[in-house]
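Please open the model in your viewer and keep the sequence panel beside it. The stops below say what to select and what is to be found there.

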Amino acid sequence: VNAITLNRNAHRMKAEAIPHIFEQLKSEFRVNKYDIVGHSVGGKIALVTVALFDSEVNQIRSIVALDPVDQHPVEFTNDLLKQAMLGGSNGDSKKSNLSLASSKADITVTFTDCGGIVGKKHHAREIQKKNPTIKLVLHRNAGHMVYVDDGGIISWKAFMGKGQSADRNDAVKAEALHLIKEKAMKASITGSASGKASGVMAKAKKEWKSAKADLKELGDEAQKKGNAVAGAAKF
């Protein structure tokens, strides 16, 4: 799957598969929250997943979409005004944009301005403009493939925009790794705190049940003694 795929349903098909992967992970590792990192079309697929398949279950805790490409098909950055003016004269005129407004996930998108085939109207800045609740990190003067390792002479990285300089690309890559680690650390702390809170509640509940049982036992004993005293007095 890539930005120029001919299958216009390919991105949604990939996104639809992710919740099924979550279910497998949940049953095998007993995890309930997930953090996704995706680059280019992978970042777009992560955003499609949270927009279409996570609004009710809220399983996705955070997303880092590195320079997402919203093309073929466009899902978040359709020019609705232009479509309205065309009045249904093209195939996409009735298509609306997916929204991230209702998502509870912590979503961050990055943007590079040397993307080669990445359309200017369908990159991370445009996605964030239409979804202002998500965070935007600008990685100017860096290439679209700055986030990936070298892929040899024949690769996407070989002919995509290379950015201003190698030093600038290295700095952006380091910043992206820091951002991802920061999200992971936050998720770890949140999960640990949640686990500790659950443990405290469970312990308190157990102690309350024990105290309740003790009170019941004392009450039963007091009632027996009271009945004995009442019986003796009657006698």
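This is a predicted model: local features need pLDDT of at least 70, side-chain atom pairs count only at pLDDT 80 or more; totals for chains, interfaces and linings use all residues.

Residues are numbered from 1 along each chain as its sequence is written, and side-chain values use heavy atoms, with hydrogens and water left out.

**The sheet**

Begin by selecting the strands, which, like the helices, are DSSP runs numbered from the N terminus (helices, H or I, have at least four residues, and strands, E, at least two). Here 4 strands form an open sheet with parallel pairing, in the order E1-E2-E3-E4; two strands count as paired if DSSP finds at least two bridges between them. E1 and strand E4 (135–138) stand at the edges with a single partner strand each, so one side of each has no neighbour in the sheet. From one strand to the next the twist averages 15°, where axes are lines fitted to C-alpha atoms, for helices over the stretch in contact, and angles run from 0 to 180 degrees between N-to-C directions. Now zoom in on E3 and E4, which pair in the parallel sense over 4 bridges, and pick Thr108, whose bridge partner in E4 is Lys135.

**Helices across the sheet**

Next select helix H1 (residues 10–29), which lies across E1 and E2 and runs at about 140° to E1. Helix H2 (residues 41–53) lies across E1, E2 and E3, running at about 150° to E2. Within helix H1, select Leu25, which is partly exposed at a relative accessible area of 30%; buried means under 20%, exposed over 50% and partly exposed in between, with a 1.4 Å probe and protein chains only. Leaving aside neighbours within four places in sequence, Leu25 is in contact (heavy atoms within 4.5 Å) with Arg30, Val31 and Tyr34.

**Two loops with backbone features**

Most residues other than glycine have a negative phi, and most peptide bonds are trans. Move to Arg30, in the loop between H1 and E1, where phi is positive, near 60°, and the residue is exposed at 77% relative accessibility. Then go to His72, in the loop between E2 and H3, which has a positive phi of about 50° and is partly exposed, with a relative accessible area of 37%. The peptide bond from His72 to Pro73 is cis, with omega near 0°.

**Salt bridges**

Finally, show the charged side chains: a salt bridge is a side-chain nitrogen of Lys or Arg within 4 Å of a carboxyl oxygen of Asp or Glu, and by this rule the count comes to 9. Which residue forms a salt bridge with Asp35? The partner is Arg61, with the closest N and O atoms 2.9 Å apart. Asp35 lies in strand E1 (residues 34–39) and Arg61 in strand E2 (residues 60–66), so the pair ties together parts that are 26 residues apart in sequence.

Asp106 is the last stop, and its side chain meets that of Lys183 in a salt bridge (2.8 Å, N to O). This pair links strand E3 (residues 106–111) with helix H6 (residues 166–234), its two residues being 77 residues apart, and both Asp106 and Lys183 are buried. Asp106 also meets Lys186 in a salt bridge (3.6 Å, N to O). Salt bridges that share partners join Asp106, Lys135, Lys183 and Lys186 into one network.
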